Every structure is written in C-alpha cells, then in structure tokens.
Amino acid sequence: MPTIFSRIISGEIPSYKIAEDENHFAFLDINPVTPGHTLVVPKKEVSYLFDLSDSDYTALQLFAKRVAAAVEKAIPCKRVGVTVIGLEVPHAHIHLLPINTEADMDFHHKQTLPAERMEEIAATIRANFK
Ligand code: AMP
C-alpha cells in the first residue's frame with residue numbers, strides 16, 4: 001500500500017506543490033506550523049530518513065537546500081528551520097519552516113490556512129525555486 005506521500009507524488013492526492021526533480025518532491029505541509037512550512041521527500045519509499053543510502057540522503061539534503069533558498073526568498077523570515085520527525089507518515093521527509101523565533105519551531109502550534117492562502121504561498125515559493 002503506497003504511503004500518503006507517494007499518493008501525493010503520483011498526483012492521486014492533491015497537494016500544494018513547490019518543486020520536483022527526478023528523485024524528489026516538495027509540497028506545503030497541510031497543517032503548517034508557520035506559513036510556508038514545506039515538506040521535502042524522496043520519491044523512493046523509505047520509511048526512515050536515516051535508512052536512506054548515503055547518496056540518496058545527500059541528494060535529498062541538496063534538493064532541500066534549493067527548496068529552503070526558495071522558501072527564504074518567498075516568505076519574510078530570519079531563517080529556515082529544519083526538523084525531522086517522521087512519527088506520523090512512514091515516508092522519509094524533511095520539514096522546512098520559515099522562522100523568526102525559536103518558538104516558531106513548536107509543532108504543538110499547527111494551523112489550517114485557507115486554500116487560497118496556501119495556493120498563494122505555494123505559488124510564491126515556486127516562483128523563487130531555482
Ligand atoms: P511527521 O511524520 O511526524 O513528520 O509528520 C507528517 C507531516 O505531514 C505532518 O506535519 C502533517 O501535517 C503532514 N501531512 C500529512 N498529510 C499531509 C497531506 N496530505 N498533505 C500535506 N501534508 C501532510
């Protein structure tokens with residue numbers, strides 16, 4: 001049974017897509033901790049980030065670096081914070097969050113934003129992805 005992220009990657013489930021390449025996919029977290037909270041995932045289904053091969057792990061981090069640069073340009077913030085949790089979805093992924101304070105990394109504060117706002121945020125990040 002494919003993971004929810006594989007179903008997003010295949011287009012079966014809609015997402016606010018940010019970017020993709022041959023092996024990676026980035027999209028907005030549906031319940032952002034801060035506006036612009038983005039998930040970066042390998043297309044290959046591996047449950048745990050640290051079970052990725054060295055080359056797949058490195059490639060994912062390099063793709064995440066490009067996504068983080070786009071997030072930082074698109075969303076006014078001091079830094080893009082990086083978190084790995086992986087307790088909910090068994091498909092390796094990296095959380096990227098635009099932050100201004102340490103408290104902005106608090107995963108107890110997930111929000112739901114209107115669809116139009118999510119699409120607007122995704123479009124702005126997409127426009128800055130290189
Ligand atoms: P975790 O596996 O604990 O790192 O958390 C998984 C993250 O995926 C959570 O922050 C969820 O809000 C997010 N998430 C779950 N389902 C979706 C979805 N369909 N689209 C976007 N993000 C999702």
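Let me start with a term: a polar contact here is a pair of N or O atoms within 3.5 Å, and within protein one must be able to donate a hydrogen and the other to accept it, with residues adjacent in sequence counting only if both atoms are side-chain atoms.

Now, the ground rules. This is a predicted model, where local features need pLDDT of at least 70 and side-chain atom pairs count only at pLDDT 80 or more, while totals for chains, interfaces and linings use all residues. Residues are numbered from 1 along each chain as its sequence is written, and side-chain values use heavy atoms, with hydrogens and water left out.

OK, on to the ligand. There are 17 residues around the ligand, and the ones that come nearest are Asp29, Gly86, His93, His95 and Lys110. Being near means having a heavy atom within 4 Å.

Three of those names come with a distance to a ligand oxygen. For Lys110, a polar side-chain atom is 2.6 Å from an oxygen of the ligand. His95 uses an N or O atom of its side chain, 2.8 Å from a ligand oxygen. With Gly86 it's the backbone: an N or O atom there lies 2.8 Å from an oxygen atom of the ligand.

How much of the ligand does the protein bury? Taken alone, the ligand exposes 510 Å², and 91% of that is buried by the protein. Those areas are Shrake-Rupley with a 1.4 Å probe; for residues, only the protein chains shown count as cover.

And where does the ligand sit? In the largest pocket. A pocket is an open set of points on a 1 Å grid over the protein atoms alone, with protein on both sides within 12 Å along at least five of seven lines; sitting in it takes more than half of the molecule's atoms within 2 Å of its grid points.

So who builds the shell? The elements giving two or more residues are α1 (4-9) and β2 (24-28), and α1 has the largest share, with three residues. Helices are DSSP runs of H or I, at least four residues, and strands are runs of E, at least two, numbered from the N terminus. By class, the shell has 10 nonpolar, four polar and three charged residues; Asp, Glu, Lys and Arg count as charged, Ala, Val, Leu, Ile, Met, Phe, Trp, Tyr, Cys and Pro as nonpolar, and the others, Gly among them, as polar.

Ala26 lies in strand β2 and is buried, at 0% relative accessible area. Buried means under 20%, exposed over 50%, and partly exposed in between (1.4 Å probe, protein chains only).

His91 is in the loop between β4 (79-83) and β5 (94-99). Why call His91 buried? Because its relative accessibility is 0%. Its side chain also makes a 2.6 Å polar contact with the side chain of Thr3.

Last one: Asn100 is in the loop between β5 and α3 (115-128), and is partly exposed at 40%. Asn100 and Cys77 are 23 residues apart in sequence, yet their C-alpha atoms are 5.4 Å apart in space.

Methods. 1 Å grid on protein atoms, 1.4 Å probe; cavity = no way out; pocket = protein on both sides within 12 Å on 5 of 7 lines; lining within 4 Å.
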